[in-house]
Amino acid sequence: MNYGAIKKTDVADGSGVRVSLFVSGCRNHCPECFQPETWNFDFGKPFTQETENEILKALEPSFISGFSLLGGEPFEPENQEVLAPFLEKIKQTYPTKDIWCWTGYILEKDLQEGGRKHTSFTDRMLSCIDVLVDGPYIQEQRNLMLEFRGSENQRIIRLHS
């Protein structure tokens with residue numbers, strides 16, 4: 001898996017101050033996507049053990065509220081295989097910090113058992129994610145007044161409290 005960026009003090013992608021990872025690879029190709037370069041699975045740098053350690057260290061300070069996972073598309077099958085054990089490690093290391101994730105897929109249609117993006121890793125990812133922002137970006141439903149999402153069809157779903 002590759003990633004395009006790590007933000008160590010992100011205040012735009014979830015509540016509080018967060019560490020954010022932008023993974024590479026997306027098959028949604030939403031028109032007017034704000035990061036079309038991340039559609040390419042080879043964009044950015046390889047996600048290595050050093051990358052993982054860098055993120056875990058960045059999550060350490062008490063002022064960091066949690067971790068945000070964006071893309072590209074975290075729920076592409078190739079990314080799930082890497083992200084599931086990594087999210088589990090974050091939860092184990094920092095049980096009081098929350099995890100937010102953005103996906104262009106829809107929870108009930110695509111990510112739950114029987115869905116087109118459900119893999120042997122999906123449930124492991126979902127069990128770690130506290131807040132899921134789902135749904136593709138739809139330019140015709142763009143609304144700049146929405147918090148943490150770009151279009152009105154997208155939902156903020158609290159999976160765990």
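Which residues is Leu83 in contact with, leaving aside its neighbours within four places in sequence?

**View 1. Leu83 and its contacts.** Leu83 is in contact with Met1, Leu21, Val23, Leu69, Pro74 and Met125, leaving aside its neighbours within four places in sequence. Contact means heavy atoms within 4.5 Å. This is a predicted model: local features need pLDDT of at least 70, side-chain atom pairs count only at pLDDT 80 or more, and totals for chains, interfaces and linings use all residues. Residues are numbered from 1 along each chain as its sequence is written, and side-chain values use heavy atoms, with hydrogens and water left out. Leu83 sits in helix H2 (residues 77-93). Helices (H or I, at least four residues) and strands (E, at least two) are DSSP runs, numbered from the N terminus. Leu83 has 0% relative accessibility, so it counts as buried. Buried means under 20% relative accessible area, exposed over 50%, partly exposed in between (1.4 Å probe, protein chains only).

**View 2. The largest nonpolar core.** This core has 31 residues. A nonpolar core is a set of buried Ala, Val, Leu, Ile, Met, Phe, Trp, Tyr and Cys residues joined through side-chain atoms within 4.5 Å. Among the residues with the most contacts inside this core are Leu21, Phe67 and Leu87. H2 gives the largest share of this core, five residues.

View 3. The buried residues of H1 are Thr51, Glu52, Ile55, Leu56 and Ala58. Seen down the axis of H1, they fall within an arc of 165 degrees, so they line one face of the helix. The arc is that of the directions from the helix axis to the C-beta atoms. Exposed Glu50 and Lys57 are on the face turned away from the buried side. The cover over the buried residues of H1 includes S1, S2, S4 and H2.

**View 4. Aromatic rings around Phe47.** The structure holds five aromatic pairs. Rings of Phe, Tyr and Trp (its six-membered ring) pair if their centres lie within 6.5 Å; planes under 30 degrees apart count as stacked, over 60 as edge-to-face and the rest as tilted. The ring centres of Tyr3 and Phe47 are 6.4 Å apart and their planes are at 90 degrees, so this pair is edge-to-face. Phe47 is buried, with a relative accessible area of 13%. Phe47 also forms an edge-to-face pair with Phe86: 5.2 Å centre to centre, 70 degrees between the planes. Tyr3, Phe47, Phe67 and Phe86 form one aromatic cluster.
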